[in-house]
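Biologist: I'd like to learn how to read a model like this one, feature by feature. Could you take me through it, general idea before the particular case?

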Amino acid sequence: MDVNQYLEIFIEEAQEHLQNLNQNLLGLEVNPNDSNLLNEIFRSAHTLKGMSGTMGFSSLMGLTHEMENVLDAIRNGKLVVYSEIIDILFECLDFLEVSVGHISEKGKEIDKDIEPLKKKLVDIINKKDVTEITYHNSSTDKRIMDLTFNQYDENITIQAIAQGMRVFKVEVILSKDCMLKSARAFIVFKTLEKYAEIFKSSPRIEDIEDEKFDEGFKLAIITNENSDTIKSDIEGISEIEEVLIEEINQTFEGDKAHSNEVAADKVEEDKADHEETHAKKNKIGKTVRVDIDRLDNLMNLVSELIIIKTRLEGIDSDSTDQNMTEALEYLERITTNLHDAVMKVRMVPIERVFSRFPRMVRDLSRELEKDINLQISGEETELDRTVIDEIGDPLIHLIRNAIDHGIEDKHERSNSKKAPVGKVDLRAFQDGNSVVIEVEDDGKGINVDKVKRKAIKNGIINQVESDALSEKDAVELLFKPGFSTAEVISDVSGRGVGLDVVKTKIESLGGTVEVETSTNNGSKFIIRLPLTLAIIQALLVNVGNEKYAIPLNSIKEITSIKTNSIRNVQGQEVIVYRNGVLPIVRLTNVLDIKDYKEDEEELTIVIVKKGEKNSGFIVDSLIGQQEIVIKSLGKYLASIKNIAGATILGDGQVALIIDSNSMI
Amino acid sequence: MNNSSTNRQFVVFELDNEEYGIDILRVKTIEKVARITRIPKSASYIKGVINLRGEIVPIVDLREKFKLESKEESDNTRIIIVYIDDINVGLIVDSASTVMEINNDMIEAPPESLGNIEQNNIYGIGKLDNRIIILLDVFKMLNI
């Protein structure tokens, strides 16, 4: 009973630890020797175990305990990380996730047998002898590779190969009875320098000169010669025991070279960033969890404060009291800062959403047997919390689509001479007042003809319409309800509830989504979202005795016309403007404004654009441009047309926002 | 304590000289009439929206909704803000006065017809002393 009040905290923290575990395990899979990662994982698992024990969730505790044993064995060097261990650990994480989910719904643990999983973990530890042997085998193969390249060296390598030179790693082992090791090394250097450039050595050249090495040293060279010449030349020197030579080309070829470079880059960065990450983690420790409702409430109170402030300013306008004016100015400054601060509190880095994708992509690429390299950038980009909560599902959808439909299978990729590893880029960045999220793949691109055929088959368009469609418009068909191009319905995507759901969701967040595609080069989905709580620039206008806001980004220009220049064409009022025909919309009619008297001679017209189409809205007068906060009219008024929402003006009055798109 | 389980509290208000009640658990606040912004092309009983401490709340004119004669606003006119899940709606009433406790035994099923109010808008008829209070089912009345 008394533990129940901690249940919520337990669930939140457990989910956080699971997320960390997921992320770090993925990292460990790539860098099996990163002890920092391992410690991090161990700590998360340990904390999770402790928490579960305190809460009395025995199967959670049991499982994490076994996981901890395995991790401990790895940490102490008794076990070596290999992919099956990671797989089993992931399996455990999945179980833990389900279990924690179950606890959050039902308040108790899931009734599922954990023994099989536990047994797998125990088996890992018992099997360790086998793995040690395999590890040793693989390590001898890779002895030369011990000469690790940093980014600088890699750049040299790539450039050299690009210029048609060859790059070798050479290991020279001197005879045990060699007396003057540094002299022998000097001869080796001299021999090589006749036709090669040594750009790296291990140990360092200074150390070799000082004889600070055992029986051998390693070099990296650039040359035009082949490996046999080099080998025989060095072996020709006396007191040389053995020469190992390895050409470096396979890892730095074509596209793969690039991806490896980036991957290596990433490792370097990771290392460099490590300190920073640690600092960041410590910072996270100092946060407070707050219910989003409370923040909404705070936000509303701040809006109220601003409205009251505006009212005070109105009252004060007659007064000449210096103190009063000063106090008001001070109040103004504070409220503005307060407003900004509260807005910032609601901003969350998009990392929260992105962090779950590497795991998803890993699982998908196994399931579909496609090698995928997911590259994420801009995860620090901040978005409003409400948007963050909603954007996850659409992104999952797009990434799955990219991997399932976009990236070809291995066979097809090799046929079209592409790198075997498919690339999916996930990018986020801020662009002016909006945040852009891009999902790009290097797959086969969207087959426009197939899309058209499918659309005809599904009755979305007919043949005539299809012929008239431009390529760009045809791609848009993907977003129509009831569309799915997958020939075989897979588990991953293509249940026919595809992209229209994505589009609807993003539009409900006030955003847009578009596609760029090019055959054989891949597709790119571009999502644009408003930066925050939908603050926009708007033009406030008077229509009759009511005030309305028109979003500034849809306004093309403002002009005035003579009343008698309006013509009637097929029941539609138009004017001739700038050599074109401009349809006229009388807002008083559309908005049902009664007792309204039109100016006899001149009319003010706001020209609004929707795509290529323009339309002139007749208004009474302009009030001015203002930054407004869009508020929804709410579910109860969801059926109202022509109105995109409402905003609260400085004096507390509500003004409606005109949905110009629906009027054109 | 035992009695309270059979007692329910209602916010009682007046509309065209009759008394109505709304379950207090559905009532958020009672407000004086604020400036209402008309919503074009909406149902006739929707008066518009108000700014309730930074939140946009739609306002329903209960007289119009119940097809009663409309009446000028007075000092007594109030807006009762009711909430259902996360939806807030304000109801314009002639006046709102008290909170009353009515025993479940004193609540009768609604009669077949009651003027212009549809039967399923009514939860029951409450009797207290000599007063007859029409208890509204907010959920059904607002059609949410």
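Biologist: Let's start with sheets. What is the strand order of the open sheet of 5 strands in chain B?

Modeller: In general, strands of a sheet pair through backbone hydrogen bonds, either parallel or antiparallel. Here a pair needs at least two DSSP bridges, while helices (H or I, at least four residues) and strands (E, at least two) are DSSP runs numbered from the N terminus. In chain B the order is β3-β6-β7-β5-β4, and the pairing is mixed. The edges are β3 (27-32) and β4 (46-52) of chain B, each of which pairs on one side only. From one strand to the next, the twist averages 30 degrees; axes are lines fitted to C-alpha atoms, for helices over the stretch in contact, and angles between N-to-C directions run from 0 to 180 degrees.

Before we go on: this is a predicted model, so local features need pLDDT of at least 70 and side-chain atom pairs count only at pLDDT 80 or more, though totals for chains, interfaces and linings use all residues. Residues are numbered from 1 along each chain as its sequence is written, and chains are lettered from A and ligands numbered from 1 in the order in which they are written.

Biologist: Fine. How many bridges pair strand β6 with strand β7 in chain B?

Modeller: There are 7, in the antiparallel sense, between β6 (residues 78-84) and β7 (residues 87-93) of chain B.

Biologist: How many residues of chain B are in contact with chain A?

Modeller: A contact is a pair of residues whose C-beta atoms, placed from the backbone, lie within 7 Å. By that rule 18 residues of chain B are in contact with 23 residues of chain A. On the chain B side, β4, β5 (55-61) and β7 each supply at least two residues. That side divides into 9 nonpolar, 4 polar and 5 charged, where Ala, Val, Leu, Ile, Met, Phe, Trp, Tyr, Cys and Pro count as nonpolar, Asp, Glu, Lys and Arg as charged, and the others, Gly among them, as polar.

Biologist: Now cores. Which residues have the most contacts inside the largest nonpolar core?

Modeller: A nonpolar core is a set of buried Ala, Val, Leu, Ile, Met, Phe, Trp, Tyr and Cys residues joined through C-beta atoms within 7 Å. The largest has 67 residues, and those with the most contacts inside it are A:Ile550, B:Val49, B:Ile80 and B:Leu91. Leaving aside neighbours within four places in sequence, B:Ile80 is in contact with residues including B:Val11, B:Phe13, B:Ile22 and B:Leu91. A second, separate core of 36 residues includes A:Leu395 and A:Ile527.

Biologist: Over to chain A. What is the strand order of its open sheet of 4 strands?

Modeller: The order is β2-β3-β1-β4 of chain A, with antiparallel pairing. β2 (196-202) and β4 (240-247) of chain A are the edges with a single partner strand each, so one side of each is left without a neighbour in the sheet. The twist averages 25 degrees from one strand to the next. Helix α8 (residues 181-193) of chain A packs on this sheet, touching β1, β2 and β3 (216-223), and its direction makes about 145 degrees with that of β2(A). Helix α10 (residues 227-235) of chain A packs on the sheet too, touching β1 and β4 of chain A, at about 165 degrees to β4(A).

Biologist: How far does helix α1 of chain A reach?

Modeller: Expected span is 1.5 Å times one less than the number of residues. Helix α1 (residues 7-30) of chain A has 24 residues and reaches 35 Å from first C-alpha to last, close to the 34 Å expected. Its buried residues, among them A:Phe10, A:Leu18 and A:Leu25, pack against α2 (35-55), α4 (83-106) and α15 (357-367) of chain A.

Technical notes
Contact = placed C-beta atoms within 7 Å. Buried ≥ 20, exposed ≤ 12 C-beta atoms within 10 Å, placed from the backbone.
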